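Colleague: Hi! Could you walk me through this structure before class?

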Amino acid sequence: MWKKRIGGCFGEKDKLFARHPSDAQNAFDLLADLREENVSWKEVRAEIKKYLEEWKVGDKQTKEELKKVKEKYKPWL
């Protein structure tokens, strides 16, 4: 299930989106799955926000990371 793959798109400690090569590859693979499963941007955004909140990422960083994800994913979903 695509929701379980979200964590692999973020740095283990810093929770930055697709900053590290393996995280970027995971993000690309997740995008392919999202497109195949016709998942909407709204659904993806909600799950990523939930993921970051569970890791207690601050509001400022959450907003910044969601912006990065939106730039990479929204045009394709």
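Modeller: Happy to; we can go through the helices, then the core, then the aromatic rings.

Colleague: What kind of model is it, and how are residues numbered?

Modeller: This is a predicted model, where local features need pLDDT of at least 70, side-chain atom pairs count only at pLDDT 80 or more, and totals for chains, interfaces and linings use all residues. Residues are numbered from 1 along each chain as its sequence is written, and side-chain values use heavy atoms, with hydrogens and water left out.

Colleague: Let's start with H1. How does its span agree with 1.5 Å a residue?

Modeller: H1 has 16 residues, which should span 22 Å, and its end C-alpha atoms are 23 Å apart, which agrees. The expected span is 1.5 Å times one less than the number of residues. Helices here are DSSP runs (H or I, at least four residues), numbered from the N terminus.

Colleague: Which residues of H1 are buried?

Modeller: Asp-23, Ala-27, Leu-30, Leu-31 and Leu-34. Buried means under 20% relative accessible area, exposed means over 50%, and partly exposed is in between (1.4 Å probe, protein chains only).

Colleague: And where do they sit around the axis of H1?

Modeller: They fall within an arc of 105 degrees, so they line one face of the helix. The arc is that of the directions from the helix axis to the C-beta atoms. On the other side of H1, Pro-21, Phe-28 and Glu-36 are exposed.

Colleague: What covers the buried residues of H1?

Modeller: The cover includes H2 and H3. After H1 comes Asn-38, with a positive phi near 55 degrees.

Colleague: On to H2. Which of its residues are buried?

Modeller: In H2, the buried ones are Trp-41, Val-44, Glu-47, Ile-48, Tyr-51 and Leu-52. They cover an arc of only 135 degrees around the axis, which puts them on the same side of H2. Lys-42 and Glu-54 are exposed on the other side of H2.

Colleague: What do the buried residues of H2 pack against?

Modeller: They pack against H1 and H3. Just after H2, Lys-56 takes a positive phi of about 60 degrees.

Colleague: Now H3, please. Which residues are buried there?

Modeller: Thr-62, Glu-65, Leu-66, Val-69 and Tyr-73 are buried in H3. Their arc around the axis is only 105 degrees, which puts them on the same side of H3. On the other side of H3, Lys-60, Lys-63, Lys-67 and Glu-71 are exposed. The buried residues of H3 pack against H1 and H2.

Colleague: Changing topic: how many residues does the largest nonpolar core have?

Modeller: It has 19 residues, and those with the most contacts inside it are Phe-10, Val-44, Ile-48 and Tyr-73. A nonpolar core is a set of buried Ala, Val, Leu, Ile, Met, Phe, Trp, Tyr and Cys residues joined through side-chain atoms within 4.5 Å.

Colleague: Which elements give two or more residues to this core?

Modeller: H1, H2 and helix H3 (59–73) do. H2 gives the most to this core, with 5 residues.

Colleague: What is Tyr-73 in contact with?

Modeller: Leaving aside neighbours within four places in sequence, Tyr-73 is in contact with Cys-9, Phe-17, Ala-27, Leu-30, Leu-31, Leu-34, Trp-41 and Val-44. Contact means heavy atoms within 4.5 Å.

Colleague: Last topic, the rings. How many aromatic pairs are there in the whole structure?

Modeller: A search finds 4 aromatic pairs. One of them is Phe-10 with Tyr-51, a tilted pair at 5.4 Å centre to centre with 35 degrees between the planes. Rings of Phe, Tyr and Trp (its six-membered ring) pair if their centres lie within 6.5 Å; planes under 30 degrees apart count as stacked, over 60 as edge-to-face and the rest as tilted.

Colleague: Which parts does the Phe-10 and Tyr-51 pair tie together?

Modeller: Phe-10 lies in the segment before helix H1 (21–36) and Tyr-51 in helix H2 (residues 41–54), so the pair ties together parts that are 41 residues apart in sequence.

Colleague: Is Phe-10 buried or exposed?

Modeller: Phe-10 is buried, with a relative accessible area of 2%. Tyr-51 counts as buried too, at 12% relative accessibility.

Colleague: Which residues do ring pairs link into a cluster?

Modeller: Phe-10, Phe-17, Tyr-51, Trp-55 and Tyr-73.
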